[in-house]
Amino acid sequence: MLYRAHLLSPLDPGLLDLEDGGLAVDGSGRITAAGPFAELRAARAGEEVLDLRPFWILPGLVDLHSHLPQYGAVAQDGLPLLPWLETHIFPAELAFGDPDLAAAAARVYFRDQLALGTTTSAVYGSPHPEATHRAFQEAEAAGIRAIIGKVMMDRHAPGGLLETAEASVAASLELCAHWHGRDGGRLQYAFTPRFAPTCTRELLAGVGRAARATGAYIQTHLSENLEELAWVRELFPECATYTEVYDRAGLLGPRTLLGHGIHLEPGERALLRAAGAGIVHCPRSNAFLQSGIMPLRRWLEEGLSVGLGTDVGAGPSLDLWAEMAMACTASKLHAAGQRNLAARLARMEGGTERERTRIAGALHLDPEPPIDPLRALRLATLDGARALGLGAVTGSLEAGKDADFLVIAPERVDPAPARGPEPAARVLSRLIYRADPAMVRATYVRGRLCHSLTT
Ligand SMILES: [Zn+2]
């Protein structure tokens with residue numbers, strides 16, 4: 001099949017931006033070519049053409065961090081991380097003790113992700129093995145590419161959500177054996193210790209061993225909120241930093257996803273870089289729970305692997321377009337905050353140059369320009385795929401990759417009637433800042449139509 005549309009995709013390096021583009025997809029759901037339509041057509045006489053103009057084709061989006069059982073508890077404002085977990089989240093996760101309820105919730109979850117253009121999703125389940133099994137079944141049926149794991153906790157949570165370390169690892173291994181690598185790798189397992197405060201050293205070490213033995217992913221949270229950091233220091237006094245807790249347990253590697261990573265010290269960043277672990281930026285969640293603003297530009301320039309996550313239920317929806325907009329906004333707020341502080345410091349009365357430099361260092365003052373929508377799109381596609389080690393499989397419109405792509409109707413979010421051609425960056429900026437589910441006309445995973453507004 002040859003799809004004809006405006007193609008827009010990050011490449012490595014650069015950008016694919018073709019007004020009259022063609023995307024050739026073979027019967028196994030793989031992209032065989034992406035280029036000018038006329039060229040592809042000439043080389044493929046007789047191949048069926050689906051003319052999608054004036055729509056655009058973009059790569060499918062990659063959501064690296066969200067919590068399936070929290071979907072029903074989204075948008076409950078007013079609390080920072082730790083009391084929010086107690087008040088809103090643990091009760092929602094307890095409800096997943098009912099596998100039928102969990103299956104129904106998973107069906108809605110993956111349907112909504114596909115409808116918003118998410119084709120790859122890393123998901124936390126509840127601690128219940130049966131609920132997680134049912135989530136995998138729903139992901140298998142929906143057609144989404146999914147990395148799922150049951151949450152693991154052996155302390156500091158309600159009794160109904162706790163297990164022993166041994167039982168938690170055993171149940172996770174059983175799920176992993178059943179699901180990891182299923183359907184040619186479309187479904188994969190992630191060992192999912194919630195975060196250091198709810199896991200003993202024994203459980204964390206067990207996760208490290210299990211992940212090494214199976215080659216599955218690890219997903220957990222890191223350095224989200226200052227109260228959390230203080231708690232981790234109290235619980236793990238032998239570790240100089242939060243990242244070291246995970247490093248000592250053998251959890252850091254190229255198949256590790258760490259949600260948030262806002263308050264990281266230079267030594268922690270060095271550990272993460274060396275391990276090739278991925279950091280998941282969840283800016284809507286970070287604002288919602290008053291956690292902070294990640295210095296995204298600095299993390300990127302230091303060479304950390306960063307992708308985007310909606311972090312439902314602290315993020316209000318599964319909408320990665322809104323997450324891209326917030327990533328740009330948070331980056332601008334961070335840059336403005338840094339500039340304003342630097343200006344105030346420069347005007348500080350009575351201080352010496354040396355004192356000013358010392359204060360700027362203590363505040364980590366380092367004004368950087370904010371990211372733009374094209375950079376945000378890269379984070380939500382190719383960078384996310386790379387953080388999963390799937391950079392050769394998905395994340396861009398390139399020959400050899402699976403055909404994970406979206407058909408987008410830019411005019412649905414454009415208030416100006418009959419606009420003429422304009423640069424892709426302008427169109428993308430509207431798609432991100434004015435996103436509407438009606439603009440996602442169709443979502444394909446491996447060439448399979450998984451969502452369509454017209455059928
Ligand atoms: Zn989370």
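## Sheet and a buried glutamate

Strand S4 (residues 49-59) and strand S14 (residues 405-408) pair in the antiparallel sense, over four bridges. Pairing requires at least two bridges found by DSSP between two strands, while helices (H or I, at least four residues) and strands (E, at least two) are DSSP runs numbered from the N terminus. Opposite Phe-405 in S14 stands Pro-59.

The model is predicted: local features need pLDDT of at least 70, side-chain atom pairs count only at pLDDT 80 or more, and totals for chains, interfaces and linings use all residues. Residues are numbered from 1 along each chain as its sequence is written, and side-chain values use heavy atoms, with hydrogens and water left out.

S4 and S14 belong to an open sheet of seven strands with mixed pairing, in the order S3-S2-S1-S4-S14-S15-S16. The edge strands each have a single partner strand, so one side of each is left without a neighbour in the sheet.

| Edge strand | Residues |
|---|---|
| S3 | 31-36 |
| S16 | 448-452 |

Neighbouring strands of this sheet are turned by 35 degrees against each other on average, direction ignored. Axes are lines fitted to C-alpha atoms, for helices over the stretch in contact, and angles run from 0 to 180 degrees between N-to-C directions.

Helix H10 (residues 266-275) contains Glu-268. This glutamate, Glu-268, counts as buried at 4% relative accessibility (buried means under 20% relative accessible area, 1.4 Å probe, protein chains only). Beyond its neighbours within four places in sequence, Glu-268 is in contact (heavy atoms within 4.5 Å) with Thr-241, Tyr-242, Thr-243 and His-263.

Note on methods
Buried means under 20% relative accessible area, exposed over 50%, partly exposed in between (1.4 Å probe, protein chains only).
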